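Hello,

Here is the structure I promised to pass on to you. Please have a look at it first, and then read my notes below.

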Amino acid sequence: MYLGLESQEDLSSVKWKFADSLNEFKFQCIGNAETDDEMCIARSLQEFATVLRNLEDEWIQMIENASKVLITPLAKF
């Protein structure tokens, strides 16, 4: 299924916002300190956000390259 460029940009924007939300996630704690588990989960979410961002960067590059190599020449043909 091929998504139009605008749809791809919208999807990419949503993925970036999701990654930002994961990166900025904070537990609401009872008391002053987070537990070790909460800190571990927060770090894991930050790492997952980083993976999502890297994946999205690679996806965007792949789509741009495919457009340059395949779509544009086919459209000209």
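Of the 77 residues of the chain, 12% count as buried, where buried means under 20% relative accessible area, exposed over 50%, and partly exposed in between (1.4 Å probe, protein chains only). Before you go further, please note that this is a predicted model, in which local features need pLDDT of at least 70 and side-chain atom pairs count only at pLDDT 80 or more, while totals for chains, interfaces and linings use all residues. Residues are numbered from 1 along each chain as its sequence is written, and side-chain values use heavy atoms, with hydrogens and water left out.

Now for the overall picture. The chain has 2 helices and 0 strands; both kinds of element are DSSP runs, numbered from the N terminus (helices are H or I with at least four residues, strands E with at least two). Along its principal axes the C-alpha trace spans about 65 × 15 × 15 Å. The radius of gyration of the chain is 18 Å, whereas a compact globule of 77 residues would have one near 11 Å. That radius is taken over C-alpha atoms, and the globule rule is 2.2 Å times the number of residues to the power 0.38. The chain exposes about 6600 Å², with carbon and sulfur atoms supplying 60% of it; accessible areas come from the Shrake-Rupley method with a 1.4 Å probe, and for residues only the protein chains shown count as cover.

How do the parts of the chain meet? Among contacts with a separation of 6 or more, 65% are between residues 24 or more positions apart, a contact being heavy atoms within 4.5 Å.

Next, the charged pairs. Side chains of opposite charge can pair when their charged atoms come close. The count here comes to 2 salt bridges, each defined as a side-chain nitrogen of Lys or Arg within 4 Å of a carboxyl oxygen of Asp or Glu. One of them joins the side chains of Glu56 and Lys15, at 3.3 Å from N to O. Glu56 lies in helix α2 and Lys15 in helix α1 (residues 5–23), so this pair ties together parts that are 41 residues apart in sequence. Glu56 is buried, at 4% relative accessible area, whereas Lys15 is partly exposed, at 33%. Leaving out residues up to four places away in sequence, Glu56 touches Ser12, Lys15 and Trp16. The C-alpha atoms of Glu56 and Leu11, 45 residues apart along the chain, are 9.9 Å apart.

Arg53 forms a salt bridge with Asp20, with the closest N and O atoms 2.6 Å apart. Because Arg53 lies in helix α2 and Asp20 in helix α1, the pair ties together parts that are 33 residues apart in sequence. Asp20 is partly exposed, with a relative accessible area of 28%. Beyond four places in sequence, Arg53 touches Trp16, Ala19, Asp20 and Asn23.

Phe48 is in helix α2 and partly exposed, at 41% relative accessibility. Apart from its neighbours within four places in sequence, Phe48 is in contact with Phe18 and Leu22. The C-alpha atoms of Phe48 and Ser67, 19 residues apart along the chain, are separated by 28 Å.

Val69, Leu70, Ile71 and Leu74 form a nonpolar surface patch with about 400 Å² of accessible area together. Patches are made of residues with over 30% relative accessible area and no salt bridge, with like charges joined within 9 Å and nonpolar side chains (Val, Leu, Ile, Met, Phe, Trp, Tyr) within 5 Å. Leu74 lies in helix α2 (residues 36–76) and is exposed, with a relative accessible area of 60%.

Best wishes
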